[in-house]
Amino acid sequence: MFVTVFLLLVTLCARGGYGEEREEAQRPGHVSVVIVGGTGDLAKKYLWQGFFQLYVNQVSSGNTFSFYSGGLSPTDKATPLFFEILKAVSCSKNLSQERCALLKEQFLRLSQYRQLKTLEDYQDLAKHIEKRLQEEGMTEAGRLFYLSVPAFAYADIADKINNSCRPAGGAWLRVVLEKPFGHDFRSAQVLASQLGSFLKDEEMYRIDHYLGKQVVSKILPFRTENKKFLDPIWNKHHIERVEIVLKETLDVKGRIPFYDQYGVIRDVLQNHLTEVMTLLTMRLPVNQSSSEEVIQNKLQIFSSLLPLGKNQAVIGQYQSYKSEVQQELNKTKDHVSLTPTFAAVLVHIDEAQYEGMPILLVSGKMLDERVGYARILFKNDIFCVQNHNSIHCKPKQIVFYFGHGNLQYPAILVSKNLFKPVLMDGEWKEVTEHNDVSVLGLPISDYYVQTPVEQREAYAELISHIFAGRKNSFISTESLLASWGLWTPLLSSLASSFPRIYPGGADNGALLDVHLKGKDISYKSEVVIISPDQMSGTSANSFQVMQGKFRSADMVSAWAEELVEQLAADVQEAAEAAIRERGVFHLALSGGSTPLALFHRLALHHFSFPWRDTHVWMVDERCLPLTELESNFYTLHNHLLQHVRIPYYNIHPMPVQLNHRLCVEEDGGAQLYEREVRKLVNGSSFDFVLLGVGFDGHTASLFPGTKVDELGESLVALTESPVKPHQRMSLTFSAINRAHKVALLVMGKGKHELITQLSRVKDNPDKWPVTGVKPVNGTLVWYIDYDALLG
């Protein structure tokens, strides 16, 4: 049964309900392009240039075009501004001046500004398009809406497009969405659901301009074409680390209202750098043009990433950011923003190919240079006895260089002591004449260098892909939610952390240098002076773990992070003692959200934990299939078991589903689990039982009103919960109170009232089930954080 559970979980992670590939055939005809927000900054800088480039490339293809700039401003006010933007578009070098002038004139003649504010405005636009099609006898190929507006407006505009602007007669509709796609997992989920009620999945193109960068789009082709060189070395045995870096010299003046809500992690790491990471580490697709296969392989990487917590990130904020916030948001001088403008995050993938291999994602504003790259640094097993400058002893690395920096042009660089890469298609060339520059520790002459024959702007690239209906370079709903699933817990854990203040530019010196130790990252220099106005209240770290008594039992209390550290250390100490004495450790874990921090701590920090000799049992389970998100076992598996090396036969989920039924008494699931406990656990005495406490005083799945006496000496029972799903399976007090050690973990301000009540009530397991926890020959310890204890 246990093997089946794991296979089901793996299948669930790997599948995820993908539709078939939908790259729509391009029939020639009329295409209407509408940029909503067409006079905004993004449209001015990139979008109209990109669409002009599309027009230039397609003008002889049999398609005709109309271009519309939509906005909230009245037509008479916005039209002059719009045409000033259009006059600034430029042609590529291979077009003659005469041809360029003619195409620009045609482009301007085909373009107009329209106010798009109300549903009636969108209806008028649709009537205008249809009238023009009829008058000129044109067949409609499709309509392309580019939403260059804040994300909060997406759902409303998508609703208007759906209700009034859908083309008829088999023409396509494509709606392009700019990031940010949500603020966290929940908001991304809500936005995806809202958009999904108006638009089909194949009609949505979530754009991440990094995927349009020529070097980024060539990562998978490069890996494929150099497979014979890379296959033997693309793993933890040969790669020392992977660095994905985006450094900027500018501040965020003028963007504070947006930036202060999002910060560097949401702005850059959760999307751009994460996408690059998946391209570098995903399994190579057999068919690179199949967006379904690419998405599945990306999702497989997401399912294998270790969870991110505070110890996997460092954050910083440039010194003048505080005054910029006060000025642009009209805040008082004592206002402090904790928004990070710099972050370095350490990621690990729990797959045999990459296990233990550090992946570093770094980005920041006001740094020493503007540069972006992904660097794969390989271990060097050559030792030069005399000539230390020999090429063989220099760093071995592959650099996907996005642009700017010393090199000033996009390129893929392979150090000459690694291998000579295959020259990619005719759009790329090898660089043989070099300027006197160095790239990441090596002179440029020590690399094989390939660069695009013609440099193309990322937005122009992606606009051509949208027109062609190619979805590979865009973010799917599944990938988006998987990415937010990775980053949201980290963002939550950092929400009240003070970023390190740094001066900016060259003055940063070594202030932002980081130190990698195991799965943790920290700043290399520990001592940083922070001005008093950057501090607020008392530092949590000034409180140490304290011992005491609660309800006549031992109590450990601390701030949440230190409390979980102590609990994890106590679990490991109990494990080591049990194994020394009996050769095996039996650990029973309860469900709910309270133990998640402990699971993360054990997975990320306790590498010497004796998992090989540990058996993991369930304290309780909801009567759901074990592959469902709300199952306690599913949570335990996702947050702990899949990240540690524990034999699968040492894992004991509760058999809540037998004979294709859930928790039916005659199926005897409770008795089956009890027999397993009696058979494997000496004297049915677990070494360590972890419990939580609900707001109503329940523990395990023993709720107020449970007739404890009726359970008798049975170790496992079916119980009823007042909330859905009502049916549960649970260890009984008879099983819990035989344990050598029982830990009751209570965390959060919301539990303060409960703790106050429990400190006063007498033992009454029928009303307050937790008061029935009384180990007969073992010990009970309450682990209560300061929020729950002190409120």
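**The cysteine pairs**

Modeller: The torsion about the S-S bond of C623 and C663 is about -90°, so this disulfide (a pair of cysteine sulfur atoms within 2.5 Å) is left-handed. It ties together distant parts of the chain, as its two cysteines lie 40 residues apart. C623 sits in the loop between β26 (620–622) and α18 (632–639), and C663 in the loop between β29 (661–662) and α19 (669–680). The sulfur atoms of C623 and C663 are 1.9 Å apart. Both cysteines of this pair are buried, where buried means under 20% relative accessible area, exposed over 50%, and partly exposed in between, with a 1.4 Å probe and protein chains only.

Some background is needed before the other pairs. This is a predicted model, in which local features need pLDDT of at least 70 and side-chain atom pairs count only at pLDDT 80 or more, while totals for chains, interfaces and linings use all residues. Residues are numbered from 1 along each chain as its sequence is written, and side-chain values use heavy atoms, with hydrogens and water left out. As for the bond itself, a disulfide is a covalent bond between the sulfur atoms of two cysteines.

By the distance rule, the model has three disulfides. If the bonded cysteines of the protein chain are numbered in sequence order, the pairing reads 1-2, 3-4, 5-6.

C91 and C100 form another of these bonds, with 2.0 Å between their sulfur atoms. The torsion about their S-S bond is about 85°, so the disulfide is right-handed. C91 and C100 are both buried.

C384 is bonded to C393, again with an S to S distance of 2.0 Å. The torsion about the S-S bond of this pair is 115°, and the link is right-handed. The two ends need separate descriptions. C384 is buried because its relative accessible area is 10%. C393 has a relative accessible area of 25%, so C393 is partly exposed.

Notes:
Helices (H or I, at least four residues) and strands (E, at least two) are DSSP runs, numbered from the N terminus.
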